[in-house]
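Open the model in your viewer and keep the selection panel at hand. The stops below go from cavities to single residues and then to contacts between domains and chains.

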Protein chains: 2
Amino acid sequence: MTANMIFRDEQLRWFGSEVLMRAGVPEAGARLVAETLVDADLHGVDSHGVVRLDIYLKRLEGGMIEAAAAPAVLRDHAPVLLIDGKNNFGAVAGQFALEQVLDSARRHGCGIAGIRHSNHFGTCAYYARKAIDEGFILIALSNASQTMPPAGGLRPFLGTNPLCVGIPAGERLPFVLDMATSVVARGKIIVAAEKKEPIPAGWAIDKEGRPTTDAQAALAGSVLPLGGPKGYAIAMFIDILCGVLTGAGYGDKVHNMYEDWVNPQNVGHLFIALDVERFMPQAEFRSRMDQYIDALKAEPKAPGVAEIFVPGELEHRTFERRKRDGIVLPAGVATALRGWGKKYGVELDGHASA
Amino acid sequence: MTANMIFRDEQLRWFGSEVLMRAGVPEAGARLVAETLVDADLHGVDSHGVVRLDIYLKRLEGGMIEAAAAPAVLRDHAPVLLIDGKNNFGAVAGQFALEQVLDSARRHGCGIAGIRHSNHFGTCAYYARKAIDEGFILIALSNASQTMPPAGGLRPFLGTNPLCVGIPAGERLPFVLDMATSVVARGKIIVAAEKKEPIPAGWAIDKEGRPTTDAQAALAGSVLPLGGPKGYAIAMFIDILCGVLTGAGYGDKVHNMYEDWVNPQNVGHLFIALDVERFMPQAEFRSRMDQYIDALKAEPKAPGVAEIFVPGELEHRTFERRKRDGIVLPAGVATALRGWGKKYGVELDGHASA
């Protein structure tokens with residue numbers, strides 16, 4: 001088989017939205033979902049890229065996602081809003097909520113939205129970059145289904161609930177932090193298990209709750225929060241703000257996208273948008289950001305370190321490279337996409353090619 | 001010497017405020033500063049307790065703190081406010097800002113305050129517990145002078161900038177997270193150095209930027225952020241929101257309380273207060289919190305673990321114990337306090353005694 005494994009981002013975006021539309025998703029939602037996935041691929045976050053189209057389509061076909069439902073503001077007391085994602089794709093709920101908090105930030109200086117009844121919404125960084133494009137600071141939080149134990153616990157109770165902060169700069173690249181609250185991505189443990197290599201101490205516990213360096217035992221157990229009790233506490237406050245406070249699921253009430261075919265996920269998110277103009281003029285703030293970043297990057301480096309990076313900078317370099325050179329998909333991912341293309345009469349290589 | 005080393009909290013609060021007043025601090029500020037310090041001791045955060053009275057008094061006497069200046073709102077666009085701490089004690093600025101954001105949260109559902117020209121303000125948890133007492137959620141951030149390198153850096157650039165989140169519950173104890181963004185408190189490295197014991201890998205780098213397990217070399221170098229690049233990124237966004245955004249110092253512009261006797265500290269803080277009533281009735285939220293905490297605490301425990309704790313729970317137990325049994329001060333701390341007492345004619349053991 002000589003199938004092409006390198007794809008232009010336009011091609012993947014076109015393919016994703018075509019397949020989603022033919023599977024019954026209204027055009028705007030289909031385009032948005034495809035855009036968020038390809039945006040993740042472009043930035044090097046392959047785990048949140050078009051690889052997810054497979055599970056998204058399975059859940060859509062299984063009736064687990066209501067792609068025709070319009071998210072709605074349940075309580076409109078701007079600057080604080082409660083939004084019902086109506087079990088549409090997380091990206092549709094996320095984009096809707098983003099527009100609401102930015103509108104509120106324009107009018108009130110800030111906007112805080114809790115979102116319930118949502119689904120996996122891609123990377124938080126997608127929304128942060130959109131806010132930055134309009135000159136706003138965004139804090140974006142989401143809960144997720146259970147993969148990490150509490151400190152002292154034996155089995156998963158918390159998700160690797162992401163913490164994201166996006167802050168505009170001037171001439172420099174913006175600050176974009178988007179991190180899982182686990183010590184390491186579960187994918188790294190999968191890779192070690194495939195290579196039959198041990199994992200470092202502190203990454204995981206086995207299913208009896210004992211620390212392990214055995215990758216297989218770790219996969220049967222749980223990945224640990226970053227920084228021990230501190231990461232546990234961070235993941236927990238995110239679960240509370242996104243789940244307990246918004247009326248979404250929390251703990252075992254956030255249903256696993258891959259395992260639960262009865263219940264909607266009921267993921268919750270929380271967005272906080274902030275207008276820097278309430279503190280100082282945009283130009284002054286951006287200039288201060290540039291000074292800060294310049295000072296940081298000019299710091300002396302540890303042995304073997306060529307450059308100090310600001311969060312988001314490496315992802316931006318990947319973005320520029322992949323925009324230019326295309327996105328390489330693993331064979332398995334491309335094969336799965338071709339399968340969906342065949343089902344819905346869309347050619348993966350049919351739009352453009354690198 | 002048979003000097004008593006166990007003190008009632010009332011006694012320390014009385015002593016602290018008396019000494020501060022005689023050193024020229026207006027009564028309200030003196031009482032507040034003493035209260036925040038003793039509150040830290042009561043909760044077991046000895047590093048932020050009355051041990052700090054010594055440096056506070058030195059800076060006050062050195063003209064580095066303006067105890068008569070009233071903090072002011074510079075930009076009053078509630079729900080977003082910019083506050084000038086006027087170089088008064090951090091506790092005075094912090095308490096003022098807390099009242100502003102809670103007032104805004106009552107009226108608008110949320111309140112966000114940036115505070116510039118402040119000083120060390122004690123524990124963030126002090127403010128979080130005050131907000132919780134009135135039924136609000138509080139996110140409290142502060143920057144601090146340089147003690148941690150950026151990822152890949154050689155020397156301190158960031159402070160151990162604390163992240164604090166306080167959330168009320170119902171019958172259960174509230175959630176109170178207040179953590180430094182370092183992997184470990186610098187105090188633990190000092191203790192290891194005194195005992196001539198090694199420290200675990202990953203805690204610190206030496207002054208050439210190399211990983212070290214030598215406690216002495218670590219003290220000459222830098223303590224590391226928790227979780228590697230993730231902790232670095234968290235400390236950095238806190239520095240940006242508290243310093244770059246508010247007009248306070250950031251990076252090397254936050255001056256070291258112990259080393260800089262020319263410049264005010266110019267610490268910055270950021271408070272976000274949130275009214276749960278904008279999402280659901282208080283009673284419903286509190287009930288959901290209790291369910292969440294009960295589910296978490298009922299989780300099966302890892303081997304050797306007797307109980308799973310919610311952030312703030314251990315501190316609350318220490319609070320109850322020290323309220324009952326008193327606060328034990330190390331000899332050096334008690335001696336320093338007696339020295340100040342002698343200077344200002346206040347008897348450390350003069351008010352009450354355990």
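What volume does the second largest cavity have? The second largest cavity has a volume of about 40 Å³. A cavity here is a set of points, on a 1 Å grid over the protein atoms alone, where a 1.4 Å probe fits but cannot get out. Grid points are joined across faces, edges and corners, and the volume is the space filled by probe spheres set on the points.

This is a predicted model, in which local features need pLDDT of at least 70 and side-chain atom pairs count only at pLDDT 80 or more, while totals for chains, interfaces and linings use all residues. Residues are numbered from 1 along each chain as its sequence is written, chains are lettered from A and ligands numbered from 1 in the order in which they are written, and side-chain values use heavy atoms, with hydrogens and water left out.

**Stop 1: the second largest cavity**

Select B:I55, B:Y56, B:R59, B:I65, B:F89, B:G90, B:N119, B:H120, B:M257 and B:Q265, which line this cavity; lining residues have an atom within 4 Å of a point. Colour helix α3 (residues 53-61) of chain B, which gives the largest share of the lining, 3 residues. Helices (H or I, at least four residues) and strands (E, at least two) are DSSP runs, numbered from the N terminus. Domain 1 (1-62 + 299-354) and domain 2 (68-182 + 227-295) of chain B each supply at least three lining residues; the bounds come from an automatic or database domain assignment. By type, the lining has 5 nonpolar, 4 polar and 1 charged. Ala, Val, Leu, Ile, Met, Phe, Trp, Tyr, Cys and Pro count as nonpolar, Asp, Glu, Lys and Arg as charged, and the others, Gly among them, as polar.

**Stop 2: the largest cavity**

Next select A:I139, A:L141, A:L163, A:V165, A:F237, A:I272, B:I139, B:L141, B:L163, B:V165 and B:F237, the lining of the largest cavity. Two or more of these residues come from each of β5 (136-142) and β6 (163-167) of chain A and β5 (136-142) and β6 (163-167) of chain B. The space inside is about 110 Å³, and the lining consists of 11 nonpolar residues, with no polar and no charged. The model has 4 cavities of 30 Å³ or more.

**Stop 3**

Go to A:P79, in the loop between β2 (72-77) and β3 of chain A. Is A:P79 buried or exposed? Its relative accessibility is 1%, so A:P79 counts as buried (under 20% relative accessible area; 1.4 Å probe, protein chains only). Beyond four places in sequence, the contacts of A:P79 include B:P79, B:H108 and B:C110, contact meaning heavy atoms within 4.5 Å.

Move on to A:N88, in the loop between β3 (80-84) and α4 (90-108) of chain A. A:N88 is buried, because its relative accessibility is 3%.

**Stop 4: domains and chains**

Show domain 2 and domain 3 (192-224) of chain A. Their centres, taken over C-alpha atoms, are 29 Å apart. About 500 Å² is buried between them, 62% of it from carbon and sulfur atoms; buried area is the accessible area (1.4 Å probe) that two parts lose on being put together, summed over both.

Last, show both chains. The contact takes 79 residues from chain A and 79 residues from chain B, and about 6,500 Å² is buried between the chains.

How values were computed: 1 Å grid on protein atoms, 1.4 Å probe; cavity = no way out; pocket = protein on both sides within 12 Å on 5 of 7 lines; lining within 4 Å. Buried < 20%, exposed > 50% of the residue type's maximum accessible area, 1.4 Å probe, protein only.
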